[in-house]
Amino acid sequence: MFDTIAPRYDLVNKLMTLGLDARWRSRAVTLLSLGPGAVVLDLACGTGDLCRELAWRGQHAVGVDLSLGMLQHAWRGAPLLQADAVSLPLRDGAVDGVVSGFALRNFADLGAMLAELGRVLRSHGRISFLEVSEPASPLLRAGHSVWFRHVVPLIGAAFSDAASYRYLPESVAYLPSAEEMDGMLAAAGFADVRRYDLSGGIVRILTATRRGRQDGVEEAA
Ligand SMILES: C[S@@+](CC[C@H](N)C(=O)[O-])C[C@H]1O[C@@H](n2cnc3c(N)ncnc32)[C@H](O)[C@@H]1O
């Protein structure tokens with residue numbers, strides 16, 4: 001599906017978020033709380049917008065995505081790898097941080113993906129996930145629902161692939177509850193989980209810190 005929508009992915013993204021996605025991505029990188037020189041994996045990087053944001057901050061981005069089509073349309077300023085999130089071609093503790101934009105609902109096995117991130121992150125490394133969410137306010141929720149479930153598929157049909165942009169709003173159903181996600185994060189070695197709602201709650205950023213480990217023995221958080 002992502003190979004199919006890759007050529008017009010950036011255009012449809014800008015239209016369906018009214019350009020707000022740039023602000024959300026910038027905040028996701030800020031909340032990673034890493035300085036210049038940090039090595040950061042952009043997991044499921046797509047066309048590499050987060051890689052570009054990381055590079056702009058003087059960080060060393062590495063983009064990984066399963067879709068060759070997305071990588072072929074990606075920004076070329078960072079090394080790009082085609083790989084599955086559950087089997088990353090990176091050594092243990094290789095990265096200081098991981099960002100991921102709008103990808104959580106696409107992973108078939110979230111627990112396995114988080115365990116793999118726990119492996120490639122150094123002790124006290126950081127994660128920052130940007131994902132769609134539902135506003136708490138009933139009024140905003142109603143407006144958002146019309147936009148996401150009716151307008152987004154129309155934009156997708158006009159500029160890209162209708163079936164894919166019908167699937168994208170539906171895929172929100174695959175997101176786990178906050179409690180389930182907390183359990184999976186703890187099992188994968190993450191602590192200090194925080195959530196930040198942006199733009200009235202239509203998107204949310206989740207951050208967490210990899211617990212420390214010494215000589216292969218897990219330390220307390
Ligand atoms: C909605 S796009 C998000 C792209 C980009 N992160 C962004 O913020 O625009 C989801 C991406 O997840 C990738 N993806 C889905 N399953 C994956 C997996 N198992 N491993 C790596 N990438 C995956 C897709 O190929 C696609 O590029």
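User: What share of the contacts in the protein with a separation of 6 or more comes from residues 24 or more positions apart?

Analyst: Two residues are in contact if their C-beta atoms, placed from the backbone, lie within 7 Å. In this protein, 64% of the contacts with a separation of 6 or more are between residues 24 or more positions apart. This is a predicted model, in which local features need pLDDT of at least 70 and side-chain atom pairs count only at pLDDT 80 or more, while totals for chains, interfaces and linings use all residues. Residues are numbered from 1 along each chain as its sequence is written.

User: How many helices and strands does the protein have?

Analyst: Helices (H or I, at least four residues) and strands (E, at least two) are DSSP runs, numbered from the N terminus. The protein has 9 helices and 9 strands, and its C-alpha trace spans about 55 × 40 × 30 Å along the principal axes.

User: Is Leu-117 buried or exposed?

Analyst: A residue is buried if 20 or more other C-beta atoms lie within 10 Å of its own, exposed if 12 or fewer, and partly exposed in between. Leu-117, which has its place in helix 6 (residues 110–120), is buried because 25 other C-beta atoms lie within 10 Å. Leaving aside residues up to four places away in sequence, Leu-117 touches Val-98, Ile-127 and Ala-188. Leu-117 also lies 9.5 Å from Ser-87, C-alpha to C-alpha, although 30 residues separate the two in sequence.

User: What do the buried residues of helix 6 pack against?

Analyst: The buried residues of helix 6 include Leu-110, Met-113 and Leu-114, and the elements that the buried residues of this helix pack against include strand 1 (39–43), strand 4 (95–101) and helix 9 (178–187). Across the protein, buried residues make up 37% of the 221 residues.

User: At what angle do the axes of helix 3 and helix 4 cross?

Analyst: Axes are lines fitted to C-alpha atoms, for helices over the stretch in contact, and angles run from 0 to 180 degrees between N-to-C directions. Angles under 35 degrees count as roughly parallel, over 145 as roughly antiparallel, 65 to 115 as roughly perpendicular and the rest as oblique. The axes of helix 3 (residues 21–30) and helix 4 (residues 49–56) come within 10 Å and cross at roughly 55°, and therefore helix 3 is oblique to helix 4.

User: Which residues meet where helix 3 and helix 4 are in contact?

Analyst: Arg-25, Ser-26, Ala-28 and Val-29 of helix 3 meet Asp-49, Leu-50, Glu-53 and Leu-54 of helix 4.
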